Amino acid sequence: MRPKERWDSGQTDLLQSRLDQILNMRHALVKLAAAIDWGFLEERLGEVYDDDHGRPPLPTRLMAGLAILKSMHNLSDEVLCERWLENPYYQLFCGEEFFQHVLPFDRSSMTRWRRRMGEERLMALLQESLAAATRTGAAKPADFRAVIVDTTVQEKAITFPTDAKLMHRARVRLVKLASKHAITLRQSYARVGKIALIKHQRYAHAKQFKRANRALKRLRTMLGAVIRDITRKLAGRPELTPVFALALSLGSRVRNQRQRERGRKVYSLHAPEVECIGKGKAHKPYEFGVKVSVATTLERSRGGQFVAHIKALPGNPYDGHTLATVVPAIEETIGVTLGKIVADAGYRGHNAPKDKMFKVHVAGYKRGLTKTIKRALRRRAAVEPVIGHLKQDHRMDRNFLAHSEGDANNAVLAAVGYNFSLLLNWLRLLRAFFLATLITMTTPQLRPRSA
């Protein structure tokens, strides 16, 4: 069933006042709500619904407004629910006409809405942020014809993976699952398994690696014994095979993998999609998450350095090999043809589309550089502070959303929050400029006294 969308009815109530009658309508958040084309979002995001009978979903403006506020102010779902009840400007931004004392939604509604929308639909929020920037004068359409492309790592909310801890957790999960389904194991290793993990950590800290390896071998043996025991017991209860399939698969992979083994490995049992990525940083040699491509405008717009496109790239691809998919996606998002693409030295040997092959300028090239290209290459580092703001201020530093879909959704929402925060600052600055101009025009000029 399709949602019942909200619109301004203009109705009044004898017992309570409308929000637009008690709030400052010149507030930046009110101006931002007026600058957003909610009809476009209702049309694009409403495509996932059908006309079947059932309970109607929550209004699109409410859910889209919550997603924007969450990523713009770096809030968790729980804190956003608390502030939404306290802040009338948040409620007006989400389309409410009267102050609400009870949440019209559940916290888990935002999780289900993000999963239902997916990366493709959430990209409409990013497109609307760029369109709103153009309508308010914060950016011009010509600003998006030249972009800077770079990659970063969006880390997952996991602990640092070690073989001992992974094998211990795999055994604990299998034992708990067996107890839940009334499977009696020969031995659970609950006490001796924990002792072996503690010994391994102490020996490793003391650099007694022979003893640490013996404790690690003991943990691997216990995990293998539990896996074999459960496999034997499942032969008599085939209906439980699908229930234990994922846990047994992850446990076997963890038991068989080695520290310096190359290829796909398991770094987290609750997030097996996590990858180990080395970006060459001295302070952080390895990061555990997913690679993300970020594209920003080459020249700074009047409202700031907007993010033109963002995309999660699972599989840890080579940076230069991402342009084949990223460049067409950027043009689809911004709606204009790219005239210039600037990248760092990690994009050498790129596979950009043939019509864009000579429009990609990679740092480090010396031949055939004009003054314009040299100036553009000097601007390449402008993408770095944008990535820093995405991570520190808009929830891309540590992703708490589950699965690969959560990686993609969190990256898009971080860019959405960043762009709308720039728009919010632009509207504040614009209002301050108009107020200063008005005060200057209305204040009489004092003439100096004649001698």
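Reader: Why is Lys371 counted as exposed?

Author: In this predicted model, Lys371 has a relative accessibility of 70%, and because exposed means over 50%, Lys371 counts as exposed. Lys371 is found in helix 13, which covers residues 371-378.

Reader: What makes Lys371 part of a patch of positive charge on the surface?

Author: Lys371 gathers there with Arg348, Lys366, Lys374, Arg375 and Arg378. A patch takes residues with over 30% relative accessible area and no salt bridge, like charges being joined within 9 Å, and Lys371, at 70%, lies on the exposed side of that requirement.

Reader: Why are Cys81 and Cys94 called buried?

Author: Buried means under 20% relative accessible area; Cys81, with 8%, is therefore buried, and so is Cys94, with 0%.

Reader: What makes the contact between Arg18 and Glu97 a salt bridge?

Author: The side chains of Arg18 and Glu97 meet at 2.8 Å, N to O, and because the cut-off is 4 Å, the pair qualifies as a salt bridge. Arg18 lies in the segment before helix 1 (19-22) and Glu97 in the loop between helix 6 (88-93) and helix 7 (107-135), so the pair ties together parts that are 79 residues apart in sequence. Arg18 is buried at 7%, and Glu97, at 17%, counts as buried too.

Reader: How do you know that Asp229 and Lys233 are separated by about one helical turn?

Author: Asp229 and Lys233 are four residues apart in helix 10, residues 209-234. They form a salt bridge in which the closest N and O atoms are 3.3 Å apart. Asp229 counts as buried at 4%, while Lys233, at 32%, is partly exposed, because that value falls between the limits of 20% and 50%.

Reader: Why does the pair of Asp319 and Lys279 count as a salt bridge?

Author: The N to O distance is 3.8 Å, and because the limit is 4 Å, Asp319 and Lys279 qualify. Asp319 lies in the loop between strand 4 (307-313) and helix 12 (323-334), and Lys279 in the loop between strand 2 (275-277) and strand 3 (287-297), so the pair ties together parts that are 40 residues apart in sequence.

Terms used
Residues are numbered from 1 along each chain as its sequence is written. This is a predicted model: local features need pLDDT of at least 70, side-chain atom pairs count only at pLDDT 80 or more; totals for chains, interfaces and linings use all residues. Side-chain values use heavy atoms; hydrogens and water are left out. Patches are made of residues with over 30% relative accessible area and no salt bridge: like charges are joined within 9 Å, nonpolar side chains (Val, Leu, Ile, Met, Phe, Trp, Tyr) within 5 Å. Accessible areas come from the Shrake-Rupley method with a 1.4 Å probe; for residues, only the protein chains shown count as cover. Lys and Arg count as positive and Asp and Glu as negative; His and the chain ends are not counted. The place of a charge is taken as NZ of Lys, CZ of Arg, CG of Asp or CD of Glu. Helices (H or I, at least four residues) and strands (E, at least two) are DSSP runs, numbered from the N terminus. Buried means under 20% relative accessible area, exposed over 50%, partly exposed in between (1.4 Å probe, protein chains only).
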